[in-house]
Amino acid sequence: MAGAKTAAGNFFEDFRLGQELAHATPRTVGAGDAALYLALTGTRFALNSSDEFARASGLPCAPLDDLLAFHIIFGKTVPDISLNAVANLGYADCRFLAPVYPGDTLQAKSRVIGLRENANRQSGIVYVRSTGTNESGETVLDYVRWVMVRKRDEAAPAPAASVPTLARAVPAAALALPAGLALERYDFALAGSPFAWEDYAPGERIDHVDGVTIEEAEHMMATRLYQNTARVHFNQQAQAADRFGRRLVYGGHIMSLARAASFNGLANAVKIAAINGGRHLAPSFAGDTIYAWSEVLERWEIAGRRDLGALRLRTLATKDRRAGDFPDKDAQGKFDPAVVLELDYTVLLPRRG
Amino acid sequence: MAGAKTAAGNFFEDFRLGQELAHATPRTVGAGDAALYLALTGTRFALNSSDEFARASGLPCAPLDDLLAFHIIFGKTVPDISLNAVANLGYADCRFLAPVYPGDTLQAKSRVIGLRENANRQSGIVYVRSTGTNESGETVLDYVRWVMVRKRDEAAPAPAASVPTLARAVPAAALALPAGLALERYDFALAGSPFAWEDYAPGERIDHVDGVTIEEAEHMMATRLYQNTARVHFNQQAQAADRFGRRLVYGGHIMSLARAASFNGLANAVKIAAINGGRHLAPSFAGDTIYAWSEVLERWEIAGRRDLGALRLRTLATKDRRAGDFPDKDAQGKFDPAVVLELDYTVLLPRRG
Amino acid sequence: MAGAKTAAGNFFEDFRLGQELAHATPRTVGAGDAALYLALTGTRFALNSSDEFARASGLPCAPLDDLLAFHIIFGKTVPDISLNAVANLGYADCRFLAPVYPGDTLQAKSRVIGLRENANRQSGIVYVRSTGTNESGETVLDYVRWVMVRKRDEAAPAPAASVPTLARAVPAAALALPAGLALERYDFALAGSPFAWEDYAPGERIDHVDGVTIEEAEHMMATRLYQNTARVHFNQQAQAADRFGRRLVYGGHIMSLARAASFNGLANAVKIAAINGGRHLAPSFAGDTIYAWSEVLERWEIAGRRDLGALRLRTLATKDRRAGDFPDKDAQGKFDPAVVLELDYTVLLPRRG
């Protein structure tokens, strides 16, 4: 239906292994984005909230929230990678490198690192490594995602299957620290919690308690703020004919709500250093109330640093179900049906010194 | 009911031909407005999205979206011009002059250029030329609108009818280019489309494909961002007694949604230079899904410029109806009932050189 | 249910007379907050809207809205003071001191100035004086609030009752004027009303006319913008089991809507200097339409100033009921059931000179 001038997105057979895609819509971020992100998620981490706190931590000013940067870079990839997606299957090996500061201009590119047609020949899985850069050419983040993409023509030949090998987690030695970051003078009271890196132990589970109900206006504003154009989020008339009958909430908004909720229990996890893996287990809709809980998977020292350390966390978000009893997967690996997100990521916290 | 301190707005018999009205509420615009506009409309034009892209185009930084500036200036005129309006009938001869940059302070004035009482003597049509200026006194935009305004007193005498003659379109020679704008080094890939001015031909029609459903919170936030106080947008209790029973969406929000949708097919139309005419054909409400399509009316060279050219476009927005078959008016001039907006405007695009 | 790492808030028996609480989450405010506040409330006061108007008034640039600053400071106190509140009972003796400018970083502390257990021993009233400061250590505002807080354990011993004596109003001599503020060259037309301080008389009542209907997305975004974490505003699943069955609108959002509405009749009340007292008389919910009216209580000269004066106002907000007949309390002191807010505060207006 769309004419020749209109972008129809790529279909599975359009992708080639090793293909480089330069994504459109460079974006200068700033105080407006930070305020909107705060109003849409309720985040409270001190490093992103206060220029003074950031300066006391060795940074020039408060960087933008790590997930805000992630969503903006992700959004740029949508028109080229996932406009014809059936499902967004996962993320891995995401490293947060140069922090994003107000005034930075972000752009994104992707490289196809894997392709595998599905047995039904109607679609295939595309693996891309996407990279966000700032106006100085520094990489701000880099991640792999895989997505199931429709074929335009079932009869189209598919490339030989090639599936990348992905590490289970970004190792401690590969984590990047923001230039200048120094947490020797970290003010725990001001940040909102007395608990330092040393106080968390692998296996520990934390209920983040507070639930938040999502409205249509909120998730659409968030998704537009990221210039993410995936149609399932915006068009109720089209979605009414879909199997869910509803607009789907961008999965990244759930990530942000879970991260914001995690302040209650992890207030000093002031910086996301890596996302090791992430899966959206079920869709969320306006009206759903989102809760979250976290498990500490690993506790890592950072070589040469006494001021901070890393925790590898696993945060699960649920909908319409409190998380106080830590809903999870069962022995067969089947998730509690209320779980909508499983996110494996690595955060930096101050050490008590 | 309102006391003496409260502004009741002007009625038809309060206007005089040649009358000058200085509008209230000067407004400094900035990064917060740009971010909110983006989150409320999903706009993606590179010149407004990226300071770096704007600098590569010869501008000091990314200007605010042209329609954002239009809506803010329009909003200032509402308390004096259209608080007692029955209907906003049309726009014409709108030129975008000095770009609006973050930090600029906008104010507005209007001059009454036409008056015509309706035959029923209950109301009349007021024609005004409204002008927005920045803190340096430069005109940022200038336009004519006409609006049907109630009379306070049907018996009040009306001035002799005087209807201004309005050009059908701002001619190419009258278009203003932003100081410094130079598109020789335009990056088509980064902007999101390979299509240059030369690639569009008069008569060409483009379906912008994507529909977006409006929420009450969204249109009210947009309208308040413009400090537009027209009551029909905000008060559900009062509107429940109105013929529609609903809050009306500010027509300018539909203009913005149509312009944002037009990115898909017109991504390089980076600057609105003029609005030649505009009509709201039916009201929109929360829950409506808005689609848009465009027709290229004319293609103009700009004297002395090889880097850019102008297209005169006609964009129609529909509600709850896809635009792939270009819903329009019939041979009798009667519009498809799904059409809510017809906007005739002129945009600047890079030439391939 | 919450684990040891999670903040459960203080209960009545946790407070001690004279106790000092340093609140978490320092916050740098800026253009994004101002734009969002405008979009959420529709405020139009010229001093906050225009850098140029502010400069002509002797200030370096437009300060943030006084109530925006109040809500941000208030929000910081919630996790320590009112997470286990049954009801927020009142405010008093709030003085606005140093103006808040974009780039300022705010933090807050509180001192317990009164405690009184309720007769049922299930809860008690906590009186705190909360203080907001900027990054230079200047106090930006200072106020008393009292709140009914649950006991964790009914059997816990309570401190001896101690109730502070609070002035009925901040006296004129105690009002702080922003450094530099000079209204000799005040532009009444640009500000939106010809009425100066001299034009208002004690006893005068003003209907602010315009009603605005609240949406869930709006009040939640506003409350999150203030990093106010009170659970009753966000979690529909939990609220469904509450006596109202609905999310409650943060009372401060009603204060902001009433203040924004008061522009129509009080456009030149450009600065709130004090809040003498405030009470939320009934909860508001999404879907409610809020109206407001004001009574002039007192008119005060400011010593040594011919350019400005103060008015002590009493503004009442109603829901789903127009305010043209000034709904108030009856002879027995019982309020009209539509009244949701009574706010006694002091504003600065230009004098005609």
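Is B:Leu64 buried or exposed, and at what relative accessibility? B:Leu64 counts as buried because its relative accessibility is 5%, where buried means under 20% relative accessible area, exposed means over 50%, and partly exposed lies in between (1.4 Å probe, protein chains only).

The structure is a predicted model, in which local features need pLDDT of at least 70 and side-chain atom pairs count only at pLDDT 80 or more, while totals for chains, interfaces and linings use all residues. Residues are numbered from 1 along each chain as its sequence is written, chains are lettered from A and ligands numbered from 1 in the order in which they are written, and side-chain values use heavy atoms, with hydrogens and water left out.

B:Leu64 lies in the loop between helix H3 (51-56) and helix H4 (66-81) of chain B, helices being DSSP runs (H or I, at least four residues) numbered from the N terminus, as strands are (E, at least two). Leaving aside residues up to four places away in sequence, B:Leu64 touches B:Val29, B:Gly30, B:Asp33, B:Asn48, B:Val100, B:Tyr101 and B:Pro102, contact meaning heavy atoms within 4.5 Å. The C-alpha atoms of B:Leu64 and B:Asp104 are 9.9 Å apart in space, although these residues are 40 apart in sequence.

In chain C, helix H8 (residues 251-261) is mostly covered, with 11 of its 11 residues buried; among them are C:His253, C:Met255 and C:Arg259.

The next topic is how the chains meet. Between chain C and chain B, the contact takes 44 residues from chain C and 33 residues from chain B. The area buried between these chains is about 3100 Å², of which carbon and sulfur atoms give 56%; buried area is the accessible area (1.4 Å probe) that two parts lose on being put together, summed over both. In chain C, the residues that lose the most area to chain B are C:Ala39, C:Arg44 and C:Leu190, which together make up 18% of what that side buries.

Across this interface of chain C and chain B, the rule finds four salt bridges, each a side-chain nitrogen of Lys or Arg within 4 Å of a carboxyl oxygen of Asp or Glu. One of the salt bridges joins the side chains of B:Arg247 and C:Glu215 (2.9 Å, N to O). Helix H1 (residues 31-41) of chain C gives the most to the side of chain C that touches chain B, with eight residues.

Between chain B and chain A, 44 residues of chain B are in contact with 33 residues of chain A, and the two chains bury about 3100 Å² between them, 56% of it on carbon and sulfur atoms. B:Ala39, B:Arg44 and B:Leu190 supply 18% of the area that chain B buries against chain A, more than any other three residues. The rule finds four salt bridges across the interface of chain B and chain A, and B:Glu204 forms a salt bridge with A:Lys5, the closest N and O atoms being 2.5 Å apart.

Chain C can be laid on chain B with an RMSD of 0.0 Å by a turn of 120° and a shift of 0.0 Å along the axis, the copies being superposed by least squares on the C-alpha atoms of residues with pLDDT of at least 70 in both. That is the relation of a three-fold axis. In chain C, the C-alpha nearest the axis belongs to C:Gly32, 2.2 Å from it. Only 9% of the interface residues of chain C are also interface residues in chain B, so the copies meet through different surfaces.
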